[in-house]
Amino acid sequence: MSVTAKDEAFMREAISLSLTHLGQTASNPSVGCVIVSNDEIVGRGVTAPGGRPHAEPQAIADAGEKASGATAYVTLEPCSHHGVTPPCAGVLIAAGISRVVVAVADPDPRVSGRGLQILADAGIEVTTGILQREAREAMSGYLTRQTKGRPQVTLKLAVSADGMLGKVGAGQVAITGPEARAEVHLLRSKSDAILVGIGTANADDPELTVRLPGLEHTSPLRIVLDRNLELSPSSRLAQTAHEVPVLLAASVGAVGNRQALEALGVEIVEVDGIEDLLLRLADRGVSSLMVEGGARVAANFLSQGLVDYIHLYRGSATLGEGIPSPITGDRPPAGFSLQRSETFGSDQLLVFERLPASAWL
């Protein structure tokens, strides 16, 4: 096996590790690291829930004495700044690592090439760009927050065979089967936050939590666009705010049910529109946002160019007259391309990715 093929194989293992903690590492990216000695993985590490410890010191600890003279494969450039913990570049040097292979350079201005330079200055061989595309996809939320100053936004829609999102006044309507719904919960578990509009919150009374066995602890921050603070204090969201955080994005000076909601532990943030909300979420370390509805919220995010991915679940049942979806999947939405298609039970998932601005020209 060639050196490049070996590098790709070990980096693929590091990327797989990084995916296991998506949505659980707070403001830090979920990074994977493997330590390799004599073509054998002797240490593994992934950013811990909450963001610390980082992947590199965990992999070094796992490798023990075998780290000396070994190669470290890391999905993101090792940090170079002193924060709550020492810089990972220094940890790799102290362990006697002889070579470091990095998939993606870190755009964080506190790092941005400095980590690579520190390693090179210490006489460590540095290789970059191995499986860069795959690693960027795995860390796309973090990279979006660092480069665009907002979270990566994934719009999820469940659409009936006749193009409807639901029926007016009917509350939650099952459009997809259990297999597709389980996949939605898995997507929630990998997201930092999930958002709906107040119409959906009051009409459907959703929980917006992860209810897959063993993953309940991965429920994201729950957000409601609630301009006038109309969320019912008796709603499932308000009643469980002390268990899983709830944030209401309201207009400046909104009163509504403020007092009762705050007493239940609901956080209220006054914002000037969706873009302002996204900036504030980025400031608090939210890298990935899942938008679940309803139709007006989806249309607003799309019209403002704030959606990066669309997960469109198409059910086999028809609803008749109801709430039409802004997207049906018959053709790619303007500015998006079909990335992949999957089947879950009798339902189809279409994933669309926003095209780079240059592709529109």
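## A first look at this protein

Arg-188 counts as buried, because its relative accessibility is 7% and buried means under 20% relative accessible area, with a 1.4 Å probe and protein chains only. This is a predicted model, in which local features need pLDDT of at least 70, side-chain atom pairs count only at pLDDT 80 or more, and totals for chains, interfaces and linings use all residues. Residues are numbered from 1 along each chain as its sequence is written, and side-chain values use heavy atoms, leaving out hydrogens and water.

**Around Arg-188**
- You can find Arg-188 in helix H7, which covers residues 178–189.
- Leaving aside residues up to four places away in sequence, Arg-188 touches Ile-194, Leu-208, Thr-209, Val-210, Arg-211, Thr-218, Pro-220, Met-290 and Glu-292; a contact means heavy atoms within 4.5 Å.

**Helix H11**
- Helix H11 spans residues 274–283, and its buried residues include Ile-274, Leu-277, Leu-278 and Leu-281.
- Just after H11 comes Gly-285, with a positive phi of about 90 degrees.

**The whole protein**
- There are 12 helices and 16 strands; these are DSSP runs numbered from the N terminus, with helices (H or I) of at least four residues and strands (E) of at least two.
- Of the 361 residues, 51% count as buried.
- Among contacts with a separation of 6 or more, 70% come from residues 24 or more positions apart.
- The C-alpha atoms fill a box of roughly 65 × 45 × 45 Å along the principal axes.

Conventions: Buried < 20%, exposed > 50% of the residue type's maximum accessible area, 1.4 Å probe, protein only.
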